[in-house]
Amino acid sequence: VLRNRDLLLYLTGRFVASLGQQMLTVAVGWELYERTNSALALGLVGLTQMVPMILFTLPAGHVADNYDRRKIILFTTLVIGCASVGLTIISKHKADVFWIYFCLFAAGTARTFLWPASSAFLPHLVSREQFSKAVTWSSGSFQLSSVAGPALGGALIAWGHRAAPVYAANALAAFLCGLGWSAMSMNH
């Protein structure tokens with residue numbers, strides 16, 4: 001199944017983006033606690049990311065069912081990358097933490113629209129016979145990124161004692177993911 005170029009681009013992009021997202025999660029928690037010394041500030045991270053899911057899950061499904069999924073995936077990945085660039089700037093300049101939450105909300109909204117579009121996109125990349133193998137590889141790559149991402153994010157923070165490089169790495173991961181996905185031929 002990995003000889004399928006489009007599937008390989010999809011899985012690689014998904015792995016890179018998920019790795020960056022896992023790194024970002026560690027960095028946001030570290031930075032907010034470092035700057036505020038507040039457990040409430042950490043709790044608001046979860047709330048900020050959950051609100052878009054509550055508000056936009058139904059519209060996101062509608063959009064994924066009725067519009068070009070590839071364009072949705074590329075656009076939302078771009079938004080996630082831009083939100084991470086925003087986090088990088090906010091962190092580097094120690095801007096008010098409100099802007100961290102703003103970027104997290106924007107990225108959470110983009111992910112809410114990304115998930116149904118990318119889930120519905122995978123079956124178009126492989127034949128029916130190869131679908132279960134593709135799902136296995138997709139799940140496995142996500143699990144690997146879920147373990148490696150926090151470790152890499154923590155290592156980057158420990159190395160420089162700053163979150164901005166982790167945010168920049170996530171922005172780069174999102175843009176590389178979008179670039180790889182835009183290179184898919186989609187001749188299936």
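I began with the contact between two helices: Tyr-10, Gln-21, Leu-24, Val-28, Glu-31, Leu-32 and Arg-35 in H1 meet Ile-100, Tyr-101, Leu-104, Arg-111, Ser-118 and Phe-121 in H4. Contact means heavy atoms within 4.5 Å; helices are DSSP runs of H or I, at least four residues, numbered from the N terminus. I sorted the contact residues into eight nonpolar, two polar and three charged. Here Asp, Glu, Lys and Arg count as charged, Ala, Val, Leu, Ile, Met, Phe, Trp, Tyr, Cys and Pro as nonpolar, and the others, Gly among them, as polar.

I noted that this is a predicted model, where local features need pLDDT of at least 70, side-chain atom pairs count only at pLDDT 80 or more, and totals for chains, interfaces and linings use all residues. Residues are numbered from 1 along each chain as its sequence is written, and side-chain values use heavy atoms, with hydrogens and water left out.

Next, the axes. H1 (residues 5-36) and H4 (residues 98-121) come within 13 Å and cross at roughly 155° (lines fitted to C-alpha atoms over the stretch in contact, angles from 0 to 180 degrees between N-to-C directions). H1 and H4 are therefore roughly antiparallel (over 145 degrees).

Then I looked up the largest pocket. About 570 Å³ of space lies in it (the space filled by probe spheres set on the points). A pocket is an open set of points on a 1 Å grid where a 1.4 Å probe fits, with protein on both sides within 12 Å along at least five of seven lines; lining residues have an atom within 4 Å of a point. Among the 22 lining residues, Arg-14, Ser-18, Arg-111, Leu-114 and Trp-115 are closest to the centre. H1 gives the most to the lining, seven residues.

Conventions: Parallel < 35°, antiparallel > 145°, perpendicular 65-115°, else oblique.
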